[in-house]
There are 2 protein chains.
Amino acid sequence: MTTKTVAIASDHAGYQLKAVLMDDLKAAGYDVLNLGTDGPESVDYPDFGYAVGDAIADGKAEMGVLVCGSGIGISIAANRNPAVRAAVVSDNLTARLARQHNDANVICFGERLIGVEAARDAMRAFLAEPFEGGRHGRRVDKLTSRT
Amino acid sequence: MTTKTVAIASDHAGYQLKAVLMDDLKAAGYDVLNLGTDGPESVDYPDFGYAVGDAIADGKAEMGVLVCGSGIGISIAANRNPAVRAAVVSDNLTARLARQHNDANVICFGERLIGVEAARDAMRAFLAEPFEGGRHGRRVDKLTSRT
């Protein structure tokens with residue numbers, strides 16, 4: 001079994017939760033590609049959403065984790081890339097649904113909105129949950145290439 | 001004051017909440033562009049997310065409302081269009097944050113996850129809340145055109 005690489009990034013409003021999630025990823029045996037930011041200096045969230053999108057599109061990572069204040073802005077940036085299916089997740093259930101139905105490959109959190117333990121639990125669920133395929137496969141294909 | 005046009009669409013898992021929200025939009029005086037679906041027959045959510053994105057990109061609507069089972073899949077489709085800033089919203093607060101910080105122009109709901117009254121309240125807040133501009137403007141520009 002090869003080790004899966006997870007790209008992770010945040011803006012300044014999300015770097016503290018990102019650090020916690022990064023530790024969890026390493027402890028769970030993933031290779032982690034840290035694309036910043038790593039401190040409180042103000043940065044622009046789109047740059048970090050795009051960076052994780054590029055890492056996935058270029059095959060440098062299989063999955064991604066993103067954090068900003070609400071999770072919304074950074075998820076919009078990531079979803080500009082057709083290789084990305086990014087879901088803003090508020091709990092374990094939304095994390096599992098995003099995997100089951102949408103084959104989501106990027107999980108997004110709002111550090112100002114979700115507690116640390118809820119985010120850790122949701123990320124763990126997201127990484128473990130399989131895609132259901134079937135009719136959902138046709139829909140996911142339409143997210144990659146519009147037909 | 002000109003009347004704002006709001007495009008609205010859902011898949012089969014969201015058509016009932018869509019009907020309620022459509023009535024609210026009309027009652028509030030918006031012009032409503034209904035792009036379907038309007039019944040329980042199975043359809044593919046990306047088609048409806050793309051349709052609302054096209055309506056906004058083509059200037060046929062200023063804002064959009066989307067509903068699917070979780071809100072996630074249809075928001076990914078809408079965000080493929082650089083003219084769209086679509087936010088999956090779980091309550092009044094996330095609706096307002098999406099407007100204040102991200103100038104979101106499409107609000108997405110998961111009919112299986114949010115109650116009808118919470119969704120109505122969030123949509124009302126979303127439509128009323130102004131964008132804060134300032135530093136957020138530079139970031140929103142980066143969502144439209146990557147620099």
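**Labels and what backs them**

Analyst: H2(A) lies across S1, S2, strand S3 (63–68) and strand S5 (106–110) of chain A, and runs at about 175 degrees to S3(A). Angles run from 0 to 180 degrees between N-to-C directions, with axes fitted to C-alpha atoms, for helices over the stretch in contact; contact itself means heavy atoms within 4.5 Å. Ground rules: this is a predicted model, where local features need pLDDT of at least 70, side-chain atom pairs count only at pLDDT 80 or more, and totals for chains, interfaces and linings use all residues. Residues are numbered from 1 along each chain as its sequence is written, chains are lettered from A and ligands numbered from 1 in the order written, and side-chain values use heavy atoms, with hydrogens and water left out.

User: What makes S1(A) and S2(A) a pair?

Analyst: Two strands pair if DSSP finds at least two bridges between them. Strand S1 (residues 5–10) of chain A has four bridges to S2(A), so the pair qualifies, and the two run parallel. One spot to look at: Ile8(A) stands opposite Asn34(A) in S2(A). Helices (H or I, at least four residues) and strands (E, at least two) are DSSP runs, numbered from the N terminus.

User: Which order do the strands of the chain A sheet take?

Analyst: The order is S2-S1-S3-S5-S4, five strands in an open sheet with parallel pairing. Strand S2 (31–34) and S4 of chain A are the edge strands, each pairing on one side only. On average, neighbouring strands are turned by 20 degrees against each other, direction ignored.

User: Why are S2 and S4 of chain B at the edges?

Analyst: The chain B sheet is open too, with five strands in the order S2-S1-S3-S5-S4 and parallel pairing. Strand S2 (31–34) and strand S4 (86–88) of chain B each have a single partner strand, so one side of each lacks a neighbour in the sheet. S4(B) pairs in the parallel sense with strand S5 (residues 106–110) of chain B over three bridges, and Ala87(B) has Ile107(B) as its bridge partner in S5(B). Helix H5 (residues 116–128) of chain B packs on the sheet, touching strand S3 (63–68) and S5 of chain B, at about 170 degrees to S5(B).

User: How do you know that Asp44(A) and Arg139(B) form a salt bridge?

Analyst: The rule asks for a side-chain nitrogen of Lys or Arg within 4 Å of a carboxyl oxygen of Asp or Glu. Here N to O is 2.9 Å, so the pair passes. Another case is Arg120(A) with Asp24(A), at 2.7 Å, N to O. That pair links distant parts of the chain, helix H5 (residues 116–128) and helix H1 (residues 15–27) of chain A, 96 residues apart.

User: What do chain A and chain B bury between them?

Analyst: About 3,200 Å², with 52% of it on carbon and sulfur atoms. Buried area is the accessible area (1.4 Å probe) that two parts lose on being put together, summed over both. Arg80(A), Arg139(A) and Leu143(A) supply 21% of the area chain A buries against chain B, more than any other three residues. The contact takes 36 residues from chain A and 36 residues from chain B.
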